[in-house]
Amino acid sequence: MSLTRRDLLVGGTALAAGTSVSAPFFMPKYHVDRRPKRSRVAILHAEQYSQKLDEVLATGLRLFPIDVRGKRVVLKPNLVDYAPGDAINTHPLLVLAAAESFRRLGAKSVAVAEGPGHQRDTQLVLSLSGYQQSLRDERIRFVDLNRDQLIRIPLRASYTGMESLWLPRTILEADFLVSMPKIKTHHWSGVTLSMKNMFGIVPGARYGWPKNLLHWKGIQESILDICATVPVHFIIADGIVAMEGNGPLNGTPRSLGKIVLANDAVAADAVCARLMGFEPGRIPHIHDGSRFLGNVSLGHIDQCGEPLDGAAIPFQISLQFQHLCSALPTE
Amino acid sequence: MTSNTILCSHLIAEIALRQLPCGGWAALASSSQPAVEPTCYSALSFAAAAPTSHTERAFEFLLRHQNLNGSWPVFAGDDQDGAWVTALALMTLRNLPAAIPARLTGFEWLMNYAGRESDWFWKWKFRTADRYVRFDPETFGWPWFPNTVSWVVPTAFALLALKQIPCSCGGFEQAPFRVQRGIEMLLDRACPGGGWNAGNGVVYGVPVAPHPDDTAIALLALTDHRQETVVQSGLQYLEHAAVDLCAPWSLAYAILALAAYGQNTESLQRRLTSMPDLLAIEDTSTLALVLLVLDVERALLELGVTA
């Protein structure tokens with residue numbers, strides 16, 4: 001069989017067209033591989049919210065070689081909405097303990113910043129959840145990220161297809177950003193941990209409530225783009241009383257008795273997911289995050305503090321996320 | 001001098017101090033980025049208190065920052081082609097004759113700006129495949145931003161703005177249709193126990209809790225439909241919730257809405273004005289709203305609400 005010039009031309013054109021169509025699916029969607037060689041995660045035991053958290057956190061922080069002297073530290077808790085008796089938000093006592101710890105470690109300033117995802121009246125959430133008085137008593141500045149001054153930043157990953165985001169100045173100018181999630185299940189994203197907690201930095205005034213544009217662009221994809229663009233330096237996850245079931249707002253409180261500290265958001269979320277009885281590799285943003293943001297494999301994580309025992313009974317989770325449970329066989 | 005008069009003059013002084021050289025206001029006292037929402041609230045509150053050069057500069061700012069397509073951006077320098085604040089800007093400029101051409105193009109944009117569920121494909125998707133959130137996709141209102149679905153607050157503000165169109169002629173023939181769909185959307189998406197949350201009343205089969213400010217804003221847009229059971233339930237929820245409200249933004253909106261339905265709001269107003277550290281509120285829109293509510297009747301007039 002002989003090839004004519006016409007065959008070659010047609011074949012070449014088809015190959016070029018095929019490559020241009022399929023290439024985007026095989027090209028990495030991140031610009032830089034930021035994975036550390038090794039990550040460190042500490043699981044601390046804490047039965048309840050009390051003044052003793054200062055001590056627990058101070059002990060835990062000594063397990064990490066962090067230097068915040070002279071730095072502007074910003075604590076980003078998960079503060080979404082308020083319902084009495086619920087475990088929706090990161091507890092204010094844990095946030096106060098973190099602020100105190102970083103002040104003692106020599107931080108130039110410590111601020112608490114959040115853009116509540118659901119409730120537009122930030123002051124109402126602050127007041128009802130106990131933050132307002134606590135922050136005032138301890139003279140800690142709060143910044144409403146839904147309304148802060150905005151700067152346009154090019155995204156360092158392309159999972160959503162967006163080129164840039166307008167993000168709050170307070171976050172972009174922080175020297176040391178601490179994600180402080182509540183350990184919860186989430187009916188759209190499976191879990192909401194330190195990576196998903198970064199949704200809160202996206203300003204509602206620009207992108208709607210509850211961060212509406214990102215929901216349309218894909219929650220898992222948006223988490224990856226945000227975390228690729230805004231590095232989290234440290235994680236303090238509130239799992240003293242966590243939430244299972246129909247989270248992030250209508251779930252059930254679940255006593256876990258743990259605080260998770262880490263210097264890598266992906267590693268922190270992988271450990272938290274395991275504590276919840278879930279397989280982290282089955283959660284899309286953790287799975288994809290492990291390609292360029294941080295470590296999921298236990299072989300790359302220095303585990304300290306308490307041992308990592310998965311929840312004896314996995315957290316309850318909505319039907320479409322049942323496959324996250326570790327007890328199920330891997331596909 | 002009454003304590004209200006003193007508070008009024010302090011609020012005016014504080015808001016005036018926060019006005020930026022460009023004539024606009026930033027969302028937070030610590031920011032220097034002029035934004036449309038705080039500018040509208042500040043201009044409305046000043047117009048209600050006493051028209052001043054501050055208001056004129058605010059109007060100029062708004063006119064200067066209108067997008068070419070007739071919409072308004074969230075803040076000066078924003079690269080998005082329009083947002084929900086367009087309705088608020090249209091209401092703010094209502095008494096300015098020089099703003100008539102700007103308002104006409106703004107209304108035109110608002111008429112063509114709808115939640116995604118107005119499109120047949122999304123109606124079909126929400127009716128068949130995506131049923132986690134309970135709502136009737138036949139009804140639709142306005143989104144926060146283009147290419148997203150309708151939400152309660154932007155729909156309520158769009159309805160309030162569209163009420164100000166003098167007639168459904170001259171390019172506004174579709175106005176009654178949009179208003180009707182918007183009203184139906186608000187009635188459809190109320191929380192089962194009364195009141196409104198941000199968007200829907202039931203998610204994953206679970207009724208969500210209402211928010212006082214979202215409820216109040218929805219009620220302000222539905223004053224012509226007070227006989228509806230949903231409106232009455234919302235009103236009952238708000239009356240009950242307002243008693244314990246501890247945040248000025250929600251309390252001020254609750255006062256406006258309850259007053260619009262003829263309720264006595266004197267005790268709520270006393271509580272609002274006696275809140276500590278009002279002048280230290282960082283959020284300029286909240287500060288301006290408190291000033292606006294010091295004269296409820298005037299405030300309702302400024303917002304175009306028929307009590």
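How many helices and strands does chain A have? I looked this up first, bearing in mind that the model is predicted. I found 11 helices and 12 strands in chain A.

**Overall form**

Next I checked the radius of gyration of chain A, which is 21 Å. The globule rule gives 20 Å for 331 residues, so chain A is as compact as a globular protein of that length. I also noted the box filled by the C-alpha atoms of chain A: along the principal axes it is roughly 85 × 45 × 40 Å.

Then I asked myself what share of chain A is buried. I got 58% of its 331 residues, taking buried to mean under 20% relative accessible area.

**Contacts along the chain**

I looked at contacts in chain A between residues at least 6 apart in sequence, and 78% of these join residues at least 24 apart.

**Charges**

I counted 36 positive and 30 negative charges in chain A. Their mean positions lie 5 Å apart.

**Meeting chain B**

Where does chain A lose the most area to chain B? I started with the contacts: 35 residues of chain A touch 46 residues of chain B. About 3300 Å² is buried between the two chains, and carbon and sulfur atoms give 55% of that area. On the chain A side, the residues losing the most area are A:Arg120, A:Arg206 and A:Trp216. Together these three make up 23% of what that side buries.

How values were computed
Residues are numbered from 1 along each chain as its sequence is written. Chains are lettered from A and ligands numbered from 1 in the order in which they are written. This is a predicted model: local features need pLDDT of at least 70, side-chain atom pairs count only at pLDDT 80 or more; totals for chains, interfaces and linings use all residues. Side-chain values use heavy atoms; hydrogens and water are left out. Helices (H or I, at least four residues) and strands (E, at least two) are DSSP runs, numbered from the N terminus. The radius of gyration is taken over C-alpha atoms; the globule rule is 2.2 Å times the number of residues to the power 0.38. Buried means under 20% relative accessible area, exposed over 50%, partly exposed in between (1.4 Å probe, protein chains only). Contact means heavy atoms within 4.5 Å. Lys and Arg count as positive and Asp and Glu as negative; His and the chain ends are not counted. The place of a charge is taken as NZ of Lys, CZ of Arg, CG of Asp or CD of Glu. Buried area is the accessible area (1.4 Å probe) that two parts lose on being put together, summed over both.
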